[in-house]
There are 2 protein chains.
Amino acid sequence: MRKESSTNFENQQTLTDFCNASKTLQLISGRWKLSLLFSLLEHDRRSFSNFKQLLPAISDRMLALHLKQMTDDLLITKEKIEDGVFYTLTEKGKSLKKILSNLAEWQI
Amino acid sequence: MRKESSTNFENQQTLTDFCNASKTLQLISGRWKLSLLFSLLEHDRRSFSNFKQLLPAISDRMLALHLKQMTDDLLITKEKIEDGVFYTLTEKGKSLKKILSNLAEWQI
DNA sequence: CTCATTACTAACAATTTTGTGAGTTGCCCA
DNA sequence: TGGGCAACTCACAAAATTGTTAGTAATGAG
(Lines give C-alpha, C1' and ligand atoms only; values in the text may rest on other atoms or scores of the structure.)
Protein backbone atom coordinates (compact mmCIF):
# COMPACT_ATOMS: atom_id res chain seq x y z
CA MET A 1 0.00 0.00 0.00
CA ARG A 2 2.89 2.32 0.71
CA LYS A 3 5.72 2.83 -1.66
CA GLU A 4 8.98 2.66 0.18
CA SER A 5 10.81 4.99 -2.15
CA SER A 6 9.18 8.33 -2.67
CA THR A 7 9.82 11.79 -1.38
CA ASN A 8 6.46 11.56 0.27
CA PHE A 9 7.38 8.42 2.17
CA GLU A 10 10.85 9.66 3.07
CA ASN A 11 9.54 12.95 4.39
CA GLN A 12 7.10 11.18 6.63
CA GLN A 13 9.87 8.88 7.79
CA THR A 14 12.22 11.75 8.59
CA LEU A 15 9.56 13.60 10.50
CA THR A 16 8.53 10.69 12.67
CA ASP A 17 12.19 9.93 13.36
CA PHE A 18 12.90 13.51 14.24
CA CYS A 19 9.78 14.40 16.13
CA ASN A 20 8.20 12.11 18.66
CA ALA A 21 4.93 13.97 18.49
CA SER A 22 4.59 13.05 14.82
CA LYS A 23 5.08 9.42 15.70
CA THR A 24 2.34 9.62 18.30
CA LEU A 25 0.06 11.50 15.97
CA GLN A 26 0.47 8.81 13.34
CA LEU A 27 -1.03 6.24 15.67
CA ILE A 28 -4.31 8.10 15.95
CA SER A 29 -4.48 9.47 12.42
CA GLY A 30 -7.06 7.82 10.23
CA ARG A 31 -10.61 8.79 9.50
CA TRP A 32 -12.35 6.60 12.08
CA LYS A 33 -9.64 5.80 14.58
CA LEU A 34 -10.58 8.30 17.24
CA SER A 35 -14.14 7.03 17.32
CA LEU A 36 -12.95 3.46 17.56
CA LEU A 37 -10.58 4.31 20.39
CA PHE A 38 -13.18 6.29 22.32
CA SER A 39 -15.62 3.48 21.95
CA LEU A 40 -13.08 1.05 23.37
CA LEU A 41 -12.31 3.37 26.27
CA GLU A 42 -15.99 3.27 27.13
CA HIS A 43 -16.87 -0.30 26.42
CA ASP A 44 -13.73 -2.26 26.99
CA ARG A 45 -14.58 -4.94 24.50
CA ARG A 46 -16.05 -4.66 21.05
CA SER A 47 -16.71 -6.88 18.07
CA PHE A 48 -16.53 -6.03 14.39
CA SER A 49 -20.30 -5.67 14.22
CA ASN A 50 -20.42 -3.60 17.40
CA PHE A 51 -18.23 -1.07 15.65
CA LYS A 52 -20.40 -1.13 12.58
CA GLN A 53 -23.45 -0.39 14.66
CA LEU A 54 -21.66 2.47 16.32
CA LEU A 55 -20.47 3.91 13.01
CA PRO A 56 -23.07 3.01 10.40
CA ALA A 57 -21.19 4.93 7.73
CA ILE A 58 -17.91 3.05 8.00
CA SER A 59 -17.18 0.47 5.34
CA ASP A 60 -16.05 -3.04 6.16
CA ARG A 61 -12.80 -2.29 4.43
CA MET A 62 -11.95 0.80 6.45
CA LEU A 63 -12.99 -0.84 9.67
CA ALA A 64 -10.80 -3.86 9.03
CA LEU A 65 -7.95 -1.64 7.89
CA HIS A 66 -7.99 0.57 10.96
CA LEU A 67 -8.33 -2.40 13.28
CA LYS A 68 -5.37 -4.04 11.61
CA GLN A 69 -3.24 -0.92 11.84
CA MET A 70 -4.06 -0.39 15.47
CA THR A 71 -3.34 -4.02 16.17
CA ASP A 72 0.00 -3.76 14.38
CA ASP A 73 0.71 -0.63 16.38
CA LEU A 74 -0.09 -2.61 19.51
CA LEU A 75 -2.87 -0.29 20.59
CA ILE A 76 -5.45 -3.03 20.58
CA THR A 77 -5.60 -6.82 20.63
CA LYS A 78 -7.88 -9.21 18.88
CA GLU A 79 -9.13 -12.17 20.81
CA LYS A 80 -11.27 -15.07 19.78
CA ILE A 81 -13.54 -15.94 22.63
CA GLU A 82 -16.33 -18.54 22.64
CA ASP A 83 -18.96 -16.05 21.48
CA GLY A 84 -16.96 -14.28 18.80
CA VAL A 85 -13.97 -12.12 18.00
CA PHE A 86 -13.36 -9.15 20.25
CA TYR A 87 -11.08 -6.15 20.25
CA THR A 88 -9.69 -4.68 23.44
CA LEU A 89 -7.28 -1.89 24.28
CA THR A 90 -3.78 -2.88 25.31
CA GLU A 91 -1.98 -1.00 28.05
CA LYS A 92 -0.33 1.03 25.32
CA GLY A 93 -3.72 1.83 23.91
CA LYS A 94 -5.09 2.80 27.30
CA SER A 95 -2.16 5.09 27.87
CA LEU A 96 -3.45 7.27 25.05
CA LYS A 97 -6.42 8.19 27.17
CA LYS A 98 -4.97 11.46 28.39
CA ILE A 99 -4.16 12.60 24.88
CA LEU A 100 -7.58 11.62 23.68
CA SER A 101 -9.37 13.48 26.42
CA ASN A 102 -7.25 16.53 25.86
CA LEU A 103 -8.23 16.46 22.21
CA ALA A 104 -11.86 16.06 23.15
CA GLU A 105 -11.89 18.79 25.76
CA TRP A 106 -9.92 21.37 23.88
CA GLN A 107 -11.98 24.39 22.86
CA ILE A 108 -11.41 27.71 21.18
CA MET B 1 -9.29 21.27 -3.39
CA ARG B 2 -12.02 19.56 -1.48
CA LYS B 3 -15.11 18.31 -3.16
CA GLU B 4 -18.17 19.23 -1.20
CA SER B 5 -20.18 16.26 -2.31
CA SER B 6 -18.61 12.90 -1.73
CA THR B 7 -18.99 10.17 0.81
CA ASN B 8 -15.45 10.93 1.81
CA PHE B 9 -16.21 14.56 2.53
CA GLU B 10 -19.50 13.83 4.26
CA ASN B 11 -17.97 11.23 6.50
CA GLN B 12 -15.30 13.65 7.62
CA GLN B 13 -17.97 16.28 8.20
CA THR B 14 -20.11 13.96 10.29
CA LEU B 15 -17.19 12.89 12.39
CA THR B 16 -15.98 16.37 13.19
CA ASP B 17 -19.53 17.41 14.01
CA PHE B 18 -20.04 14.41 16.23
CA CYS B 19 -16.67 14.23 17.90
CA ASN B 20 -14.86 17.28 19.17
CA ALA B 21 -11.58 15.41 19.29
CA SER B 22 -11.73 14.90 15.52
CA LYS B 23 -12.19 18.60 15.05
CA THR B 24 -9.16 19.32 17.18
CA LEU B 25 -7.14 16.66 15.45
CA GLN B 26 -7.93 18.20 12.09
CA LEU B 27 -6.21 21.41 13.12
CA ILE B 28 -2.88 19.71 13.63
CA SER B 29 -3.11 17.14 10.86
CA GLY B 30 -0.86 17.81 7.93
CA ARG B 31 2.59 16.53 7.17
CA TRP B 32 4.59 19.47 8.55
CA LYS B 33 2.19 21.20 10.87
CA LEU B 34 3.51 19.85 14.13
CA SER B 35 7.02 20.97 13.31
CA LEU B 36 5.80 24.41 12.37
CA LEU B 37 3.82 24.71 15.57
CA PHE B 38 6.66 23.51 17.76
CA SER B 39 8.99 25.93 16.08
CA LEU B 40 6.60 28.79 16.82
CA LEU B 41 6.23 27.70 20.42
CA GLU B 42 9.99 28.02 20.74
CA HIS B 43 10.69 31.07 18.66
CA ASP B 44 7.59 33.16 18.86
CA ARG B 45 8.09 34.72 15.46
CA ARG B 46 9.12 33.12 12.20
CA SER B 47 9.38 34.09 8.57
CA PHE B 48 8.78 31.95 5.51
CA SER B 49 12.49 31.44 5.03
CA ASN B 50 13.04 30.69 8.71
CA PHE B 51 10.70 27.75 8.30
CA LYS B 52 12.49 26.62 5.18
CA GLN B 53 15.79 26.62 7.00
CA LEU B 54 14.27 24.63 9.79
CA LEU B 55 12.72 22.10 7.42
CA PRO B 56 14.96 21.89 4.37
CA ALA B 57 12.80 19.17 2.86
CA ILE B 58 9.56 21.11 2.81
CA SER B 59 8.46 22.58 -0.52
CA ASP B 60 7.35 26.17 -0.90
CA ARG B 61 3.94 24.91 -1.81
CA MET B 62 3.41 22.80 1.27
CA LEU B 63 4.79 25.48 3.53
CA ALA B 64 2.47 28.11 2.09
CA LEU B 65 -0.45 25.70 2.20
CA HIS B 66 0.02 24.78 5.84
CA LEU B 67 0.58 28.39 6.82
CA LYS B 68 -2.60 29.38 5.05
CA GLN B 69 -4.62 26.60 6.67
CA MET B 70 -3.34 27.45 10.11
CA THR B 71 -4.07 31.10 9.49
CA ASP B 72 -7.60 30.28 8.36
CA ASP B 73 -7.98 28.10 11.43
CA LEU B 74 -6.85 31.10 13.51
CA LEU B 75 -3.92 29.25 15.01
CA ILE B 76 -1.40 31.74 13.67
CA THR B 77 -1.34 35.26 12.31
CA LYS B 78 0.67 36.78 9.54
CA GLU B 79 2.09 40.24 10.06
CA LYS B 80 4.03 42.48 7.78
CA ILE B 81 6.64 44.29 9.79
CA GLU B 82 9.35 46.59 8.52
CA ASP B 83 11.87 43.80 8.06
CA GLY B 84 9.58 41.22 6.48
CA VAL B 85 6.55 39.00 6.91
CA PHE B 86 6.27 37.09 10.16
CA TYR B 87 4.08 34.37 11.53
CA THR B 88 3.12 34.22 15.18
CA LEU B 89 0.88 32.00 17.27
CA THR B 90 -2.48 33.38 18.27
CA GLU B 91 -3.91 32.69 21.72
CA LYS B 92 -5.83 29.85 20.15
CA GLY B 93 -2.60 28.48 18.74
CA LYS B 94 -0.81 28.79 22.03
CA SER B 95 -3.60 26.96 23.77
CA LEU B 96 -2.64 23.85 21.82
CA LYS B 97 0.59 23.70 23.74
CA LYS B 98 -0.62 21.16 26.26
CA ILE B 99 -1.83 18.82 23.54
CA LEU B 100 1.40 19.21 21.64
CA SER B 101 3.55 18.44 24.64
CA ASN B 102 1.42 15.45 25.49
CA LEU B 103 1.98 14.16 22.00
CA ALA B 104 5.69 14.79 22.27
CA GLU B 105 6.10 13.22 25.67
CA TRP B 106 3.97 10.16 25.13
CA GLN B 107 5.98 6.96 25.05
CA ILE B 108 5.30 3.27 24.79
C1' DC C 1 18.91 50.07 -13.86
C1' DT C 2 19.93 45.15 -12.89
C1' DC C 3 20.28 41.46 -9.99
C1' DA C 4 19.23 38.77 -6.03
C1' DT C 5 16.23 37.56 -2.43
C1' DT C 6 11.80 36.85 -0.05
C1' DA C 7 7.37 35.31 -0.13
C1' DC C 8 4.64 33.50 -2.47
C1' DT C 9 1.15 31.13 -6.71
C1' DA C 10 -0.15 28.05 -10.56
C1' DA C 11 -0.30 23.86 -13.27
C1' DC C 12 0.46 19.42 -13.11
C1' DA C 13 2.02 14.71 -11.45
C1' DA C 14 2.78 11.19 -7.94
C1' DT C 15 1.35 9.10 -3.83
C1' DT C 16 -1.79 7.96 -0.26
C1' DT C 17 -6.19 7.52 1.81
C1' DT C 18 -10.84 6.41 1.54
C1' DG C 19 -14.97 4.23 -0.52
C1' DT C 20 -17.67 0.43 -3.39
C1' DG C 21 -19.24 -3.87 -4.62
C1' DA C 22 -18.61 -8.39 -4.72
C1' DG C 23 -16.70 -12.34 -2.92
C1' DT C 24 -14.87 -15.86 0.98
C1' DT C 25 -14.57 -18.68 5.18
C1' DG C 26 -16.25 -20.57 9.33
C1' DC C 27 -20.02 -21.46 12.26
C1' DC C 28 -24.68 -22.09 14.04
C1' DC C 29 -29.48 -23.34 13.48
C1' DA C 30 -33.38 -25.48 11.51
C1' DT D 1 -27.87 -29.67 3.93
C1' DG D 2 -29.14 -25.19 3.15
C1' DG D 3 -29.56 -20.57 4.74
C1' DG D 4 -27.87 -16.76 7.40
C1' DC D 5 -24.75 -14.14 9.89
C1' DA D 6 -20.04 -12.54 11.48
C1' DA D 7 -15.76 -11.21 10.16
C1' DC D 8 -13.30 -10.55 7.05
C1' DT D 9 -10.56 -9.97 1.89
C1' DC D 10 -9.99 -8.49 -2.94
C1' DA D 11 -9.93 -5.61 -7.08
C1' DC D 12 -10.95 -1.44 -8.45
C1' DA D 13 -12.35 3.55 -8.38
C1' DA D 14 -12.71 8.17 -6.35
C1' DA D 15 -10.87 11.69 -3.69
C1' DA D 16 -7.41 14.00 -0.92
C1' DT D 17 -2.76 15.05 0.17
C1' DT D 18 1.83 15.81 -1.06
C1' DG D 19 5.63 16.91 -4.31
C1' DT D 20 7.87 19.26 -8.69
C1' DT D 21 8.79 22.75 -11.71
C1' DA D 22 8.32 26.99 -13.20
C1' DG D 23 6.85 31.10 -12.66
C1' DT D 24 5.44 36.24 -10.28
C1' DA D 25 5.44 40.67 -7.44
C1' DA D 26 7.75 43.44 -4.23
C1' DT D 27 11.81 45.00 -2.05
C1' DG D 28 16.63 46.23 -1.41
C1' DA D 29 21.62 46.33 -2.67
C1' DG D 30 25.11 47.67 -5.82
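**Protein surface around DNA strand C**

In this predicted model, an N or O atom in the side chain of B:K78 lies 2.7 Å from a phosphate oxygen of DNA strand C, within the limit for a polar contact, a pair of N or O atoms within 3.5 Å. Two or more residues each are given to the surface near the strand by α1 (7–18) and α5 (60–72) of chain A, and by α1 (7–18), α4 (48–54), α5 (60–72) and β2 (84–89) of chain B; here helices are DSSP runs of H or I with at least four residues and strands are runs of E with at least two, numbered from the N terminus. Phosphate oxygens of DNA strand C are also found 3.1 Å from an N or O atom in the side chain of A:W32 and 3.3 Å from a polar side-chain atom of A:R2.

Residues are numbered from 1 along each chain as its sequence is written, and chains are lettered from A in the order in which they are written. Local features need pLDDT of at least 70, and side-chain atom pairs count only at pLDDT 80 or more, with side-chain values using heavy atoms and leaving out hydrogens and water.

Of the 24 residues around DNA strand C, those that come nearest are A:K3, A:R61, B:N11, B:D60 and B:Y87, where a residue is near if one of its heavy atoms lies within 4 Å of the strand.

Definitions and conventions: Polar contact = N/O pair within 3.5 Å; in protein donor to acceptor, adjacent residues only side chain to side chain.
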